[in-house]
Amino acid sequence: MNIYVDSMLTDEARRAELYRGSIFVLPPSSSALKLCQLAREMIKDAFCPVDPMKLHQQMPAKRCAEILAELKPRFIHHALSKRYIQGMLAEAGCDLSQTYFDVPRIRTAFPGDYLKSGIAYAFHPHRDTWYSAPFCQINWWIPIYEVSTENCMAIHPHYFDRPIKNGSRDYNYHKWNLESRQKAAQHVKSDARIQPKPEEPVKLDPEVRLVCSVGAAYLFSAANLHSTVPNTSGVPRYSIDFRTVHVADVLNRAGAPNVDSECTGTTMSDFIRGADFSHLPAEAIALYQDGTEQLYVKA
Ligand SMILES: [Fe+2]
């Protein structure tokens with residue numbers, strides 16, 4: 001695996017490297033710092049007067065989950081969060097007329113056993129491509145507060161081109177969305193939905209734990225196996241992630257190789273253009289549809 005730090009490669013060359021399993025670490029950019037600042041203010045306000053770094057010591061987990069359930073969608077739909085992503089993509093050398101992104105999400109990882117499921121799900125080793133993500137998807141990961149090797153995310157590079165027996169055959173993105181909405185309507189707090197997981201022992205080592213500064217970002221292919229590191233740092237971790245695709249790669253069906261994903265459906269309809277937030281052309285989305293998008297529609 002190659003790790004590029006502060007690389008001068010063009011976006012096209014960078015994508016080609018990402019599709020080979022490489023990681024890119026980008027220095028903090030002005031828009032990324034604004035995005036982190038927005039997230040920090042929203043987190044601070046949501047938990048006030050409790051210090052966001054002491055939630056696990058000072059707030060019942062149930063109350064924390066309730067606040068996160070309100071905070072996380074509010075960040076996703078905040079008008080400024082999309083604007084800052086737009087700025088961040090431009091500052092990273094992406095062509096805004098060709099690059100599409102999905103909404104940025106705040107993720108949390110708490111120390112010990114505090115809030116491990118549902119709204120603060122600690123992700124087991126997975127590839128996003130087990131969750132109906134396209135093989136040209138690039139993941140962007142940004143720490144909101146300082147992170148350490150004890151509360152960051154890990155990539156398991158030796159599985160990039162090595163298949164793992166996994167449960168993706170039972171995953172359909174459209175079904176998942178429909179069930180999510182139904183569960184939300186029932187006010188179910190814990191997450192009982194089935195997620196695609198490895199179905200054989202996974203050797204997590206060697207793993208790459210990338211620690212970058214606030215507002216810096218690292219990029220990796222949706223096909224890279226990654227997981228939430230068990231948080232042994234004593235402080236919560238807050239991060240932002242979002243995904244991008246380039247329309248030329250979508251149309252050409254370029255991207256990382258598929259070694260073991262068998263899920264159905266596609267997340268392609270979620271991506272919006274950097275320039276004007278419009279969706280991908282219908283013919284581009286159609287290339288990835290398999291008919292299941294018609295099966296799981298809201299009654
Ligand atoms: Fe993921």
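1. Donors are N, O and S atoms within 2.8 Å of the metal (3.2 Å for Na, K and Ca); water is not among the atoms, so sites may look incomplete. Here the protein donors of the iron ion are His126 (NE2), Asp128 (OD) and His226 (NE2), lying 2.2 Å from the ion. Along the chain these donors follow the spacing H-x1-D-x97-H. His126 is buried at a relative accessible area of 5%. Asp128 is buried too, at 8%. Buried means under 20% relative accessible area, exposed over 50%, and partly exposed in between, with a 1.4 Å probe and protein chains only.

2. A word on the model. This is a predicted model: local features need pLDDT of at least 70, side-chain atom pairs count only at pLDDT 80 or more, and totals for chains, interfaces and linings use all residues. Residues are numbered from 1 along each chain as its sequence is written, and side-chain values use heavy atoms, with hydrogens and water left out.

3. Now the overall fold. The protein chain has 8 helices and 11 strands. These are DSSP runs numbered from the N terminus: helices are H or I with at least four residues, strands E with at least two. The C-alpha trace spans about 50 × 45 × 40 Å along its principal axes. For 299 residues, a compact globule would have a radius of gyration near 19 Å, and the chain's 18 Å agrees. That radius is taken over C-alpha atoms, and the globule rule is 2.2 Å times the number of residues to the power 0.38.

4. Buried residues make up 52% of the 299 residues in the chain. Contact means heavy atoms within 4.5 Å. Among contacts between residues at least 6 apart in sequence, 86% join residues at least 24 apart.

5. Next, the core. A nonpolar core is a set of buried Ala, Val, Leu, Ile, Met, Phe, Trp, Tyr and Cys residues joined through side-chain atoms within 4.5 Å. The largest one holds 56 residues, of which Phe47, Leu55, Cys64, Trp140 and Leu280 touch the most other members. Helix H2 (residues 30-47) gives the most to this core, with 9 residues. Apart from it lies another core of 12 residues, among them Ile23, Val25, Val147 and Phe220.

6. Look at Leu55. Leaving aside neighbours within four places in sequence, Leu55 is in contact with Phe47, Val50, Cys64, Phe110, Tyr114 and Tyr238. Phe110, Tyr114 and Tyr238 also belong to one aromatic cluster, together with Tyr145.

7. The whole structure has 10 aromatic pairs. Rings of Phe, Tyr and Trp (its six-membered ring) pair if their centres lie within 6.5 Å; planes under 30 degrees apart count as stacked, over 60 as edge-to-face and the rest as tilted. Phe101 and Phe277 have ring centres 6.0 Å apart and planes at 85 degrees, so this pair is edge-to-face. Phe101 sits in strand S3 (residues 99-101), and Phe277 in the loop between strand S11 (272-273) and helix H8 (282-286), 176 residues apart. Phe101 is buried at 0%, whereas Phe277 is partly exposed at 22%.

8. Pro236 deserves a check. Pro236 is in the loop between strand S9 (226-228) and S10, and is buried at 1% relative accessible area. Its C-alpha atom is 4.4 Å from that of Phe110, 126 residues apart along the chain. Beyond four places in sequence, Pro236 touches residues including Pro52, Met53, His56 and Asn151.
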